[in-house]
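Here is a short report on aromatic pairs, salt bridges and surface charge in one protein model. Look at the structure first.

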Amino acid sequence: MADLSPPAATACDFDVIVLGAGPAGAAAARTARAEGLSVALLDKARFPRAKLCGGGLTGRSARYFQDIFGSPLPPALIDSKTAVEFHAEGQPLGHLPQIPAMHLTMRWSFDAELVARALAAGAADLTGQRIARIDPEGPAVTLADGRRLTARVLIGADGVHSAVARALFGQAHDRARVGFGLEVEAPAAPGNATAPLRIDFGAAHWGYGWHFPKSGSSTIGIGGVQARNPHMKAAMADYLALLGQDPALPVKGHHLPFGDFPARPGRGAVLLAGDAAGLVDPITGEGIAYAMKSGQLAARAAARALAAGAPATALARYRAALRPIHRAIRQARAIRLLLFAPLFRPAFLSAFRRSGHLRQLYMRLLAGEIEYPDMARAVLRRLPAFLAGAVRRGKTP
Ligand SMILES: Cc1cc2nc3c(=O)[nH]c(=O)nc-3n(C[C@H](O)[C@H](O)[C@H](O)COP(=O)(O)OP(=O)(O)OC[C@H]3O[C@@H](n4cnc5c(N)ncnc54)[C@H](O)[C@@H]3O)c2cc1C
C-alpha cells in the first residue's frame with residue numbers, strides 16, 4: 001500500500017533565515033524569535049553601517065517600532081519636530097507651527113539599535129557575511145566562505161536591489177518605475193534644534209526635496225521617479241544653492257522602490273519584505289514604517305505556515321496580511337497623479353498654498369494619523385478646480 005503520510009521534515013539549520021538586517025529584516029528576525037522560531041539574521045554589512053536615507057520617522061513608524069521592538073523610539077536616537085515649512089520652486093507655500101510629531105534619526109545608529117534588539121531576542125548573528133548563492137527551492141543560502149545554510153522559510157529583506165527577488169524573478173524592480181534619491185549630510189547648523197522640517201515640492205519631478213535639521217547633521221536631499229528625472233544631479237545642485245549650502249558637499253544616491261511593488265511578494269516559502277517587496281509610499285517616499293511592518297507580517301506568516309507543517313503556504317498567508325499596505329500604496333499611486341503630474345501641479349500647489357486644511361491633512365498623512373482615502377477626498381473635492389485649470393491650459397497629463 002502506498003505511504004500517504006507527509007514526508008518527514010528534513011533537518012534544517014534554522015526555521016527562518018532573514019537575509020538583510022535593515023528595518024525589515026531586524027523586525028522579521030525579532031518577530032520570528034517572539035514566535036519561538038530559530039532564526040539567522042544575515043547581512044553583508046556589520047552594524048552600524050551607512051544607509052542613505054532622510055531618517056524621517058512618522059507616527060506610523062513610531063507605532064510599529066513600539067509594537068515590534070517593545071518600547072517607544074529611544075529618545076537618544078531621535079530629534080522630534082513639530083513644525084514644518086512647505087516651499088515650491090523657491091517660493092514659500094506655508095508654515096505649520098504645530099504638526100503631529102515627526103522624528104528624525106540617523107540610520108547609522110537607528111538600524112544598529114534594531115539589529116541589537118533582534119540579536120538580543122536570540123537571532124543568530126550572521127551579519128558581516130557575504131552571500132555567494134541563494135537557492136529559493138531549498139530554501140538555502142550559501143555564504144562566500146562555502147557554508148550552506150538551510151531553512152524552512154527564507155525572508156528576503158535585502159533592500160531595493162534584493163538578491164532574493166532577483167533569484168526569484170530575475171529582477172528586483174522595474175527600471176521604468178523605480179525611484180531615486182540624492183542626499184548630503186551637511187554640518188548641523190546652530191539653529192537646528194528649533195528649525196522646522198522643510199519640504200520643497202518641485203525640487204525633483206514626481207517627488208520633492210527635503211531639509212531635515214538634526215542635532216548632529218542637516219540631512220538634505222531630493223527624490224523622485226528616476227525615469228522622470230534625467231538631470232537629477234543638476235537639480236540637487238540647484239537645491240543646495242537654494243538652501244545656501246556648500247556645493248562641494250559629497251552627494252550620494254540610492255534607489256527606492258517608489259510605489260512599484262510585485263503583486264506576489266515571494267514564492268512558496270520565500271517571502272520578500274520592505275524595499276525588496278517594493279513597499280515604499282509613492283508620494284512621501286516613506287519606507288521605514290512599511291519595512292518594519294512587512295518584516296513583522298512575513299515572520300508571522302512563516303510561523304503560521306510552520307505551525308501548520310506547510311512552509312510553502314507562507315506566501316499565501318503573507319499576501320493576505322499585506323493587503324492593507326498594498327491597498328494604501330495603490331491609492332497613493334492614483335493620488336500621485338493629482339499631486340505631481342505637470343497638468344495638475346500648478347492647481348495643486350495653489351490649493352496647497354491657500355488651504356491650511358490641505359497642508360494639515362498632508363502632515364497628518366505623513367504622521368500616519370490618516371490614510372490616503374482621507375487625503376483623496378480632500379483633493380477630489382478640489383478636482384473640479386484642478387480640471388478647470390487644466391482645460392484652460394489645454395493640456396493633458
Ligand atoms: C535618499 C533616500 C531617502 C529616504 N528617506 C526616507 C525617510 O526619511 N523616511 C523613510 O521612512 N524612508 C526613507 N527612505 C526609504 C527607506 O530608506 C527604505 O524604505 C528602508 O531603508 C527600507 O528598509 P529595508 O530593511 O527594506 O531595506 P534596507 O534598509 O535597504 O536594508 C537592506 C539590508 O540588506 C543588506 N543586503 C543587501 N543586499 C545584500 C546581500 N546580497 N547579502 C547580504 N545582505 C544584503 C544591506 O546591507 C542592508 O543592511 C529613503 C530612501 C532614500 C533612497
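The report covers the basis of the model, then aromatic contacts, salt bridges and a charged patch.

## Basis

This is a predicted model: local features need pLDDT of at least 70, side-chain atom pairs count only at pLDDT 80 or more, and totals for chains, interfaces and linings use all residues. Residues are numbered from 1 along each chain as its sequence is written, and side-chain values use heavy atoms, with hydrogens and water left out.

## Aromatic contacts

The whole structure holds 13 aromatic pairs (ring centres of Phe, Tyr or the six-membered ring of Trp within 6.5 Å; planes under 30 degrees apart are stacked, over 60 edge-to-face, the rest tilted). Phe86 and Phe201 are stacked, at 6.0 Å centre to centre and 5 degrees between the planes. Phe86 sits in strand β5 (residues 84-88) and Phe201 in strand β13 (residues 197-201), 115 residues apart. Strands are DSSP runs of E, at least two residues; helices are runs of H or I, at least four.

Phe86 also pairs with Tyr362. Their centres are 5.7 Å apart and their planes at 80 degrees, so this pair is edge-to-face. Tyr362 belongs to helix α9 (residues 356-366), 276 residues from Phe86. Phe86 is buried at 1% relative accessible area (buried is under 20%, exposed over 50%, partly exposed in between; 1.4 Å probe, protein chains only). Tyr362 is buried as well, at 1%. Phe86, Phe201, Phe348, Phe352 and Tyr362 form one aromatic cluster.

## Salt bridges

The count is 13 salt bridges (a side-chain nitrogen of Lys or Arg within 4 Å of a carboxyl oxygen of Asp or Glu). Glu371 bridges to Arg60, with the closest N and O atoms 3.6 Å apart. Glu371 lies in the loop between α9 and α10 (372-381) and Arg60 in helix α2 (residues 59-69), so the bridge ties together parts 311 residues apart in sequence. Glu371 is partly exposed at 34%, whereas Arg60 is buried at 4%.

Arg198 and Asp200 form a salt bridge at 2.8 Å. Arg198 is buried at 14%, and Asp200 is buried at 2%. Arg364, in helix α9, meets Glu369 in a salt bridge at 3.0 Å, N to O. Arg364 is partly exposed at 32%; Glu369 is partly exposed at 47%. Shared partners join Arg49, Arg107 and Asp111 into one salt-bridge network.

## Positive patch

Arg264, Arg319, Arg323, Arg327 and Arg330 form a positive surface patch (residues with over 30% relative accessible area and no salt bridge, like charges joined within 9 Å). Arg264 lies in the loop between β16 (252-256) and β17 (266-267). Arg264 is partly exposed, at 47%.

Note on methods
Patch = residues over 30% accessible without salt bridge, like charges linked within 9 Å, V, L, I, M, F, W, Y side chains within 5 Å. Areas by Shrake-Rupley, 256 points an atom, 1.4 Å probe, with all protein chains shown as cover. Lys, Arg positive; Asp, Glu negative; His and termini not counted. Charge placed at Lys NZ, Arg CZ, Asp CG, Glu CD.
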